[in-house]
Each structure stands twice: as structure tokens, then as C-alpha cells.
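Dear colleague,

I am handing over a structure that is new to you. Please look through the sequence and the coordinates first; a summary of what was found follows below them.

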Amino acid sequence: MARLKTMDGPVYVFDIQLHVVNHNNYPVMLTSRHYEIIDICNQVSELSGVGFLGNLPIIPPKGDFSYHNMLYFRSFTAKIKGYYTIISQSDFSEFRIDIPEFQFFADHMLN
């Protein structure tokens, strides 16, 4: 977590690593992600996109995929939830995996 100073006030930057594991016996393709971000003032913003960092990763059976993401908040705490859209490579069916809500806290809030 870093804190940047802007003309509009501080911005809190969180570097997160996400890890997705394929527990299936067939490969899957991660085609999109959607996050709903709620800050301390209950302002909601959404972040959606095709693929991950410009790629459509295929995760082999029992394999995994990890990536880093930078999130910028105007408040020192926020929460996020969302989902991934996945396509089975065995029958090309599409399904969704929910991302449970989790919270971010600036370092100074933990002391």
C-alpha cells in the first residue's frame, strides 16, 4: 500500500495478487472479470474487462493462474467483490465464479 498526494487529496494505492485454481479435470479459459469497489463513503465504482491484462489465459486441469493488479482508492479503506467469467474447454459452456467480498486497509489503520 502506498499513499500518493494529488491536488484533490490523497490516493491510496494497493498492490494485490490474485490466484485462481482450476479444480476441474478439463482446461478452462478466463474470459473476463468484474469488480465492484465500495469505498468508506459507500461510493460504488465498477471495474470490468475482457481477459486479464490483455490475455485470455487457459488454465490446465488442476493448474493455476496468478496476476498482480493495482487498485487506487480515495479512502484509506475499501472493500471489493465481483466475479470471473470462465469458459469450459471441454464443452465450451460459460459459467461464473463469484469473488467473495474482502477489505483493504491502509497500513496506518492496522496499528
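How many Å apart are the mean positions of the positive and negative charges of the protein? The protein has 8 positive and 11 negative charges, and their mean positions lie 5 Å apart. Please bear in mind that this is a predicted model.

As to the overall build, the protein contains eight strands and zero helices. Read from the N terminus, the order of elements is accordingly β-β-β-β-β-β-β-β. Along the principal axes, the C-alpha atoms fill a box of roughly 50 × 25 × 25 Å.

The chain has 111 residues, of which 39% count as buried. Where contacts link residues at least 6 apart in sequence, 65% of them join residues at least 24 apart.

Two residues deserve a separate note on their backbone angles. Most residues other than glycine have a negative phi. Lys 62, however, has a positive phi, near 65°. This lysine sits in the loop between β5 (58-59) and β6 (64-73), and Lys 62 is exposed, with a relative accessible area of 53%.

The second case is Phe 92, which is not a glycine either and has a positive phi of about 60°. Phe 92 belongs to the loop that runs between β7 (77-88) and β8 (94-105). Is its side of the picture buried or exposed? Phe 92 is exposed, at a relative accessible area of 59%.

With kind regards

Conventions
Residues are numbered from 1 along each chain as its sequence is written. This is a predicted model: local features need pLDDT of at least 70, side-chain atom pairs count only at pLDDT 80 or more; totals for chains, interfaces and linings use all residues. Side-chain values use heavy atoms; hydrogens and water are left out. Helices (H or I, at least four residues) and strands (E, at least two) are DSSP runs, numbered from the N terminus. Buried means under 20% relative accessible area, exposed over 50%, partly exposed in between (1.4 Å probe, protein chains only). Contact means heavy atoms within 4.5 Å. Lys and Arg count as positive and Asp and Glu as negative; His and the chain ends are not counted. The place of a charge is taken as NZ of Lys, CZ of Arg, CG of Asp or CD of Glu.
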